[in-house]
Amino acid sequence: MTKLLKKELKLTASPLSFLFIAFAFMALLPGYPILLGAFFICLGIFQTFQLLRDTNDILFSALLPVAKSDVVKSKYAFCVFIELCGFAVMVILTLVRMTLLKDSAVYRANALMTANLVYLGFALVVFGCFNAVFLRGFFKTAYYYGKPFIWFIVVALIVIGIAEALHHIPGFEAVNSFGFEHIPLQLSALLGGMMLFAALTLLSLKASVNNFEKIDL
């Protein structure tokens, strides 16, 4: 499994998958829907799946002396690795905004979502949706990737829309807290995002393994 992951990172991965991690820096943009940074990181991963389809990597991997289930697991491991790299950058930048920049006028005047722990929780939900919608959809055929990604775009935009609208609803203003205000609520949102990310990824992985086992390559 470790060797398969190394193959994904060194041989299969598109350079854009690593380059698009830089979209995590969108967390610093004022007046912009910063959750789109998580979406663009997923778009970078999508570039790898375009490449592996064009190079017939799935068949190549299946011909290796490994279990078919390990082929799927290695793809998931690669995706989670990229997602967590992007998330790590988001965490660092969010902590900067919650401490050094928490009183910055340009962020205080921003009507859109601020970078706090709630934002991080929603970012994990976007990543979880990518794993549940796109990866599961891709491994139904291990070939077609267009339709699953379109469905992910729809789901991701819904999640981002909810996140951006939530603090404008009376009674939910606290989700857009600056700094460490309402920290129990922020921590709860982050924990909820972690749980959803783990659940969506693991359930999707199980379904993808079952589907891939049935495919006659």
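A cavity is a set of grid points among the protein atoms where a 1.4 Å probe fits but cannot get out. Keep that idea in mind as you explore the structure above, which is a predicted model.

**An enclosed space**

How many cavities of 30 Å³ or more does the count come to? The count comes to 1 cavity. The largest cavity holds about 40 Å³ of space. Its lining is made up of R97, L101, K102, Y107, T114, A115, S177, F178 and G179. Sorted by class, this lining has 4 nonpolar, 3 polar and 2 charged residues.

Two of the lining residues, R97 and Y107, also meet in another way: the charged end of R97 sits over the ring of Y107, 3.7 Å from the ring centre.

**Rings that pair up**

Let's turn to aromatic rings. Searching the whole structure gives 20 aromatic pairs. One of them joins F23 and F40: the ring centres are 4.7 Å apart and the planes meet at 25°, so this pair is stacked. The stacked label follows because planes under 30 degrees apart count that way. Where do the two partners lie? F23 belongs to the loop between α2 (15–19) and α3 (36–54), while F40 is in helix α3, so the pair ties together parts that are 17 residues apart in sequence. F23 is partly exposed, with a relative accessible area of 28%, and F40 is also partly exposed, at 21%.

F139 and F212 form an aromatic pair with an edge-to-face arrangement, 5.8 Å centre to centre and with 85° between the planes. This pair links distant parts of the chain: F139 sits in the loop between α7 (117–138) and α8 (146–166), F212 sits in helix α9 (residues 183–214), and 73 residues separate them. Is F139 buried or exposed? At 0% relative accessibility, F139 counts as buried, and F212 is buried at 0% as well. F212 has a charged neighbour too, for the charged end of K68 sits over its ring, 5.0 Å from the centre.

How many disulfides does the count come to? The count comes to 0 disulfides. C42 is in no disulfide, and the nearest cysteine sulfur, in C79, is 8.7 Å away. C42 is buried, with 0% relative accessibility, and C79 is buried with a relative accessible area of 0%.

**Loop residues to look up**

Most residues other than glycine have a negative phi. A142 has a positive phi although it is not a glycine, and H182 likewise has a positive phi without being a glycine. The table puts their values side by side.

| Residue | Phi | Place | Relative accessibility |

Is G171 buried or exposed? At 65% relative accessibility, G171 counts as exposed. The C-alpha atoms of G171 and F46 are separated by 37 Å, and the two residues are 125 residues apart along the chain.

Conventions
Residues are numbered from 1 along each chain as its sequence is written. This is a predicted model: local features need pLDDT of at least 70, side-chain atom pairs count only at pLDDT 80 or more; totals for chains, interfaces and linings use all residues. Side-chain values use heavy atoms; hydrogens and water are left out. Rings of Phe, Tyr and Trp (its six-membered ring) pair if their centres lie within 6.5 Å; planes under 30 degrees apart count as stacked, over 60 as edge-to-face and the rest as tilted. Helices (H or I, at least four residues) and strands (E, at least two) are DSSP runs, numbered from the N terminus. Buried means under 20% relative accessible area, exposed over 50%, partly exposed in between (1.4 Å probe, protein chains only). A charge sits over a ring if NZ of Lys or CZ of Arg is within 6 Å of the ring centre and within 35 degrees of the ring normal. On a 1 Å grid over the protein atoms alone, a cavity is a set of points where a 1.4 Å probe fits but cannot get out, and a pocket is an open set with protein on both sides within 12 Å along at least five of seven lines; lining residues have an atom within 4 Å of a point. Grid points are joined across faces, edges and corners, and a volume is the space filled by probe spheres set on the points. Ala, Val, Leu, Ile, Met, Phe, Trp, Tyr, Cys and Pro count as nonpolar, Asp, Glu, Lys and Arg as charged, and the others, Gly among them, as polar. A disulfide is a pair of cysteine sulfur atoms within 2.5 Å.
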